[in-house]
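This briefing is intended for a reader who is meeting the structure for the first time. Please keep the sequence and the model in view while reading.

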Amino acid sequence: MRCGHTLRALDLIPLFSYVFLLGTCRYCGTRISMQYPLVELAAAMLSFGVFTAVQTPLMYAFWFFVWMVILFIVIYDIRHTVIPWSCSLLLIGLSLVSLFLSGMPSFAALLSGPLLALPLLALSFFSRGRWMGWGDGVFQLSLGWFLGLVPALSALALSVWTGAFVGVGLVLVSQLPWKYRSRGFTIQSELPFAPFLALGALLVYFFHVDLFSTYFLLW
Ligand SMILES: [Zn+2]
C-alpha cells in the first residue's frame, strides 16, 4: 500500500508469504495489515467447509464462489458499512440458480427469500435506511433462497441475537473508563449487519444449527 511495488508470485502465497515476511513488505518494510492473512485464513476455512459439505466438483465450485462473494460482502461492509449492489445482485442471481438447480422449487422455497428479507426491508423503509441499510435486506433475500425457509429463519434469528449481543457489548465496553479506548461506540453508532447475517447463514449451512424445525413439525 505504501511503496507501490509490484508484488511477485512469491509475495502472494496465501498465509505463507505473510508468515515468512513476518508481516512486513519485502521492499519497504512497512507493516502489512492483519486483514490480509485473516481474510486468506477465512477463505481457506470456507473452502474446506464447502469441500466437506458438497458431493461433486461442480457443486464445490458453485458453493465456494458463493461463499467468496459472501466473504467479500462481509469485509466490504465492515470497512465501508455499505454492501455493493453488484455483489448483492450477483448473489441473488446465484441463489436463484441454486433454487432451480434441483428441479422446480416448492412454493415455500420460492417464498423464503422475500419472506426473510421483508422484516429487514420494512425496518429500512420505516427508518429511511437509518436502523437498517437497504443492502442488508437485499443480502438477506439471497440468503433466504440459498438456505430455504425454516433454515433461513434460524439463520436470521442467530444474526439478530449475535448482532444485538455484540452491539450491546460494544456500547458497554465504550462506557468503561479506558484511557487507550480509541473511539466511543454508542447506541446510535453504525454497526454493519452483513457480518452477522453471514455468521447466521454460516452456522446453518455448515453446522446445521436448527432452531425451528421441531416447532414447525408440531403444527
Ligand atoms: Zn512496500
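The points below go from the overall fold to particular helices and residues.

The structure is a predicted model, in which local features need pLDDT of at least 70 and side-chain atom pairs count only at pLDDT 80 or more, while totals for chains, interfaces and linings use all residues. Residues are numbered from 1 along each chain as its sequence is written. The protein has nine helices and zero strands.

**Overall architecture**

- Helices and strands are DSSP runs numbered from the N terminus, with helices being H or I of at least four residues and strands being E of at least two.
- Along the sequence, the pattern reads α-α-α-α-α-α-α-α-α.
- The C-alpha trace spans about 65 × 50 × 30 Å along its principal axes.
- Of the 219 residues of the protein, 24% count as buried; a residue is buried if 20 or more other C-beta atoms lie within 10 Å of its own, exposed if 12 or fewer, and partly exposed in between, with C-beta atoms placed from the backbone.
- Among contacts between residues at least 6 apart in sequence, 64% join residues at least 24 apart; a contact requires that the C-beta atoms of two residues, placed from the backbone, lie within 7 Å.

**Helix α6**

- Of the 14 residues of α6, 13 are buried, so this helix is largely enclosed by the rest of the structure.
- The 14 residues of α6 should span 20 Å at 1.5 Å a residue, and the end C-alpha atoms are 20 Å apart, in agreement with that value; the expected span is 1.5 Å times one less than the number of residues in the helix.
- Gly148 follows α6 and has a positive phi, near 90°.

**Packing of α6 against α7**

- Helix α6 (residues 134-147) packs against helix α7 (residues 149-175) at an angle of about 135°, and their axes are 7 Å apart. This angle makes α6 oblique to α7.
- Axes are lines fitted to C-alpha atoms, for helices over the stretch in contact, and angles run from 0 to 180 degrees between N-to-C directions. Angles under 35 degrees count as roughly parallel, over 145 as roughly antiparallel, 65 to 115 as roughly perpendicular and the rest as oblique.
- The crossing of α6 and α7 is right-handed; a crossing is right-handed if the near helix is turned clockwise from the far one by less than a right angle, and left-handed if anticlockwise.
- On the α6 side, Gln140, Leu143, Gly144 and Leu147 meet Pro151, Ala152, Ala155 and Leu156 of α7. By class, this contact of α6 with α7 has six nonpolar, two polar and no charged residues.
- In these classes, Ala, Val, Leu, Ile, Met, Phe, Trp, Tyr, Cys and Pro count as nonpolar, Asp, Glu, Lys and Arg as charged, and the others, Gly among them, as polar.

**Packing of α7 against α8**

- The axes of α7 and α8 come within 7 Å and cross at roughly 135°. The two helices are therefore oblique to each other.
- The crossing of α7 and α8 is right-handed. Residues making the contact include Ala155, Leu156 and Leu158 of α7, together with Phe196, Leu199 and Leu203 of α8. The contact of α7 with α8 divides into 10 nonpolar, five polar and no charged residues.
- Leu203 lies in helix α8 (residues 194-207) and counts as partly exposed, with 18 C-beta neighbours inside 10 Å.
- Leaving aside residues up to four places away in sequence, Leu203 touches Ala155, Leu158 and Val209. Leu203 and Ala155 are 48 residues apart in sequence, with 7.2 Å between their C-alpha atoms.
- Trp161 lies in helix α7 and is partly exposed, with 13 other C-beta atoms within 10 Å. The C-alpha atoms of Trp161 and Phe196, 35 residues apart in sequence, are 8.9 Å apart.

**Loops and a residue of α2**

- Leu22, in the loop between α1 (16-20) and α2 (35-53), has a positive phi of about 50° although it is not a glycine. With 8 C-beta neighbours inside 10 Å, Leu22 counts as exposed.
- Thr81, in the loop between α3 (57-80) and α4 (85-101), is not a glycine but has a positive phi of about 40°. Thr81 counts as partly exposed, with 14 C-beta neighbours inside 10 Å.
- Thr52 lies in helix α2 and counts as exposed, with 7 C-beta neighbours inside 10 Å. The C-alpha atoms of Thr52 and Phe206 are separated by 8.8 Å, and these residues are 154 apart along the chain.
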